[in-house]
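Here is a short briefing on one chain. Read it with the sequence and the coordinates open.

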Amino acid sequence: MSAAAGEVLDRDRTAERIKSLGPWFHNMNLNGVWTAPDHPLGDYPAIKWKRFSHAIPADLSDKSVIDIGCNGGFYSIEMKRRGARRVVGIDHDPDYLAQAQFAADVLGLDIEFHQLSVYDVAQLGERFDVVIFMGVLYHLRHPLLALDLIRGHVAGDMLLFQSMQRGSGDVAEVADDYPFTETGMFDRPDYPKLHFIEKRYAHDPTNWFVPNRAAAEAMLRSAGFVIEAHPEEEVYICRCASQPSDAAVYPSRGAGR
C-alpha cells in the first residue's frame with residue numbers, strides 16, 4: 001500500500017498507512033508521524049547520517065545516485081533533498097520498497113524504486129555518479145562478489161560504503177606476499193578477517209560475514225576502489241580505481257560492454 005501520486009494524506013491517514021506498512025527500520029517523519037519512534041538504536045539512521053553527512057556534497061544537482069539495499073528509503077530521500085538529478089533505490093524486499101515508495105510519495109520526491117538485489121545490478125545497464133551501499137555487506141553470502149559487481153556494472157565515480165564491523169579496529173601493515181611456511185600473521189587481530197556467522201547474530205539469520213576494519217578496507221581496494229575518506233567509524237567515501245582483471249562481474253557486462 002502506498003500513497004497515490006498527488007494524493008494528500010492528513011496526519012491520521014498517514015499514521016494508518018505507516019502502521020500498515022510496518023515494522024519500519026528507518027525512522028522518518030512523514031506528515032508529523034514517525035515511522036519507527038521506538039527504534040532500539042534511537043533516531044536511526046538519522047543519528048548516523050549526522051556523523052558523516054558533511055562528507056557528501058551538499059549540491060548533487062548534476063548527479064545520478066543509486067541506493068543499493070535502500071530499505072525504507074532514508075538515504076535515497078537525503079540524496080534527493082540535496083538535489084540529485086536522478087535517484088534510484090533498489091532492494092530485494094518488497095515490503096521495504098513499499099515503505100520507501102510511500103515515504104517518497106508523502107514527501108513529494110521523485111525517486112525510482114526497483115525490486116532487485118545487489119547481484120542483479122547488471123540489469124540496470126548504466127553507471128551512476130554516486131553509489132550508496134550502506135548496511136548491506138554483512139547480510140550477504142557472497143560479499144566480495146557484490147563489491148565486484150558494483151564496481152563492474154554501476155559505479156561511475158563515488159561509493160558511499162558502510163558495514164557493521166567487529167574485531168580489531170586496527171589495520172595491519174600487510175606484505176605483498178608471504179612464504180607458505182609463515183602463518184603467524186593470521187593470528188594477528190589486525191590482519192584482515194571476515195567473521196563467518198553460521199547460525200545467527202543479534203537474532204538475525206541474514207547476518208553472514210562481518211569484517212574487521214582491516215578486512216573492510218582490503219575488500220574495497222580489492223574490488224577496485226580507492227578509499228578517499230573515513231568520516232565515521234564504519235563509513236567510507238571511495239572513488240573508482242582500476243578493477244582487477246580477474247574480478248567477477250557475473251552475470252555479465254551486458255551487450256556492448
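Buried means under 20% relative accessible area, exposed means over 50%, and partly exposed lies in between. Asn71 has a relative accessible area of 10%, so Asn71 is buried. The model is predicted. The points below cover the core, the rings, the charges, the surface and the backbone.

**Nonpolar core**

- The largest nonpolar core has 37 residues.
- The residues with the most contacts inside this core are Trp24, Leu30, Met79, Phe102, Ile132 and Leu160.
- Four helices, α1, α2, α3 and α4 (94–107), each supply at least two residues of the core.

**Aromatic rings**

- The structure holds ten aromatic pairs.
- One of them joins Phe186 and Tyr191: the ring centres are 5.3 Å apart and the planes stand at 75°, so the pair is edge-to-face.
- Is Tyr191 buried or exposed? Tyr191 is buried, because its relative accessible area is 16%.
- Trp49, Phe52, Phe74 and Tyr75 form a cluster linked by ring pairs.
- A charge also meets a ring: the charged end of Arg141 sits over the ring of Trp208, 4.5 Å from the ring centre.

**Salt bridges**

- Side chains of opposite charge can pair when their charged atoms come close.
- The count here comes to eleven salt bridges.
- Within helix α1, Glu16 and Arg13 lie three residues apart, about one turn of the helix. Their side chains meet in a salt bridge at 2.9 Å, N to O.
- Glu16 is partly exposed because its relative accessibility is 46%. Arg13 is partly exposed as well, because its relative accessibility is 35%.
- Which parts of the chain does the pair of Glu232 and Lys48 link? The pair joins distant parts: Glu232 in strand β10 (residues 225–232) and Lys48 in helix α2 (residues 46–52), 184 residues apart.
- The salt bridge between Glu232 and Lys48 spans 3.1 Å, N to O. Both Glu232 and Lys48 are buried.
- Helix α3 (residues 74–81) holds Glu78 and Arg81, three residues apart, about one turn of the helix. The closest N and O atoms of their salt bridge are 3.0 Å apart.
- Glu78 has a relative accessibility of 12%, so Glu78 counts as buried.
- Salt bridges that share partners join Lys48, Arg51, Glu232 and Glu234 into one network.

**Surface patch and a buried lysine**

- Phe25, Leu41 and Ile47 make a nonpolar surface patch of about 240 Å².
- Phe25 sits in the loop between α1 (11–21) and β1 (29–30). Phe25 is partly exposed because its relative accessible area is 34%.
- Where is Lys80 placed? Lys80 is in helix α3.
- Lys80 counts as buried because its relative accessible area is 17%.
- From C-alpha to C-alpha, Lys80 and Ile47 are 19 Å apart in space. In sequence they are 33 residues apart.

**Backbone geometry**

- Most residues other than glycine have a negative phi, and most peptide bonds are trans.
- The peptide bond from Gly22 to Pro23 is cis, with omega near 0°. Pro23 lies in the loop between α1 and β1.
- The peptide bond from Tyr44 to Pro45 is also cis, with omega near 10°. Pro45 is placed in the loop between β2 (33–34) and α2.
- Asn71 is not a glycine, but its phi is positive, near 55°. Asn71 is found in the loop between β3 (64–68) and α3.
- His203 is not a glycine either, and its phi is positive at about 65°. The loop between β8 (194–196) and β9 (209–211) holds His203.
- Is His203 buried or exposed? His203 is exposed, because its relative accessible area is 75%. Asn71, in contrast, is buried at 10%.

Technical notes: Residues are numbered from 1 along each chain as its sequence is written. This is a predicted model: local features need pLDDT of at least 70, side-chain atom pairs count only at pLDDT 80 or more; totals for chains, interfaces and linings use all residues. Side-chain values use heavy atoms; hydrogens and water are left out. Patches are made of residues with over 30% relative accessible area and no salt bridge: like charges are joined within 9 Å, nonpolar side chains (Val, Leu, Ile, Met, Phe, Trp, Tyr) within 5 Å. Accessible areas come from the Shrake-Rupley method with a 1.4 Å probe; for residues, only the protein chains shown count as cover. A salt bridge is a side-chain nitrogen of Lys or Arg within 4 Å of a carboxyl oxygen of Asp or Glu. Buried means under 20% relative accessible area, exposed over 50%, partly exposed in between (1.4 Å probe, protein chains only). Rings of Phe, Tyr and Trp (its six-membered ring) pair if their centres lie within 6.5 Å; planes under 30 degrees apart count as stacked, over 60 as edge-to-face and the rest as tilted. A charge sits over a ring if NZ of Lys or CZ of Arg is within 6 Å of the ring centre and within 35 degrees of the ring normal. A nonpolar core is a set of buried Ala, Val, Leu, Ile, Met, Phe, Trp, Tyr and Cys residues joined through side-chain atoms within 4.5 Å.
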